[in-house]
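Open the model in your viewer and keep the sequence beside it. This tour tells you what to select next and what is there.

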Amino acid sequence: MTNSLFDILKDKNFDEPAESVAIKKYVLDNFKELVAVTVRERDIIVETPSAALAGTLRMHQIQMKKAASTEKRLILRIR
C-alpha cells in the first residue's frame, strides 16, 4: 500500500523551535545581525555571517542559553 505525500506529512509539525526563535531574537536585538539556527537533539548550531560576530557571540553564550531556556550545547559556525 502506498501513502500519499499528504498522508505522510499531515502530522508533521513545521513550527520553528522556541530555542531557535529566542536565539535569533537575542542576536538581532543586541547585535543587529541575522543568524541561522539549527536545533538538534543535543546541541544548537548558530551560523554567523562573520568571524567577528562569532567571536563576540562566544562571550555571550551563557546569556543566549538563558534567553533560550536551554541546557543544550551551543556551536558557533561561520557561514
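Two strands pair if DSSP finds at least two bridges between them. Helices (H or I, at least four residues) and strands (E, at least two) are DSSP runs, numbered from the N terminus. This is a predicted model: local features need pLDDT of at least 70, side-chain atom pairs count only at pLDDT 80 or more, and totals for chains, interfaces and linings use all residues. Residues are numbered from 1 along each chain as its sequence is written, and side-chain values use heavy atoms, with hydrogens and water left out.

**Stop one: the sheet.** Select β1 and residues 43–48, which form β2; the two pair in the antiparallel sense over 4 bridges. Now pick A36: E47 in β2 stands opposite.

**Stop three: α4.** Select residues 61–68. Which residues of α4 are buried? They are Q61, M64 and A68 (buried means under 20% relative accessible area, exposed over 50%, partly exposed in between, with a 1.4 Å probe and protein chains only). They cover an arc of only 60 degrees around the axis, so they sit on the same side of α4; the arc is that of the directions from the helix axis to the C-beta atoms. The buried residues pack against α2 (18–31), α3 and β3, where contact means heavy atoms within 4.5 Å. Turn to the face away from the buried side: I62 and K66 are exposed there.
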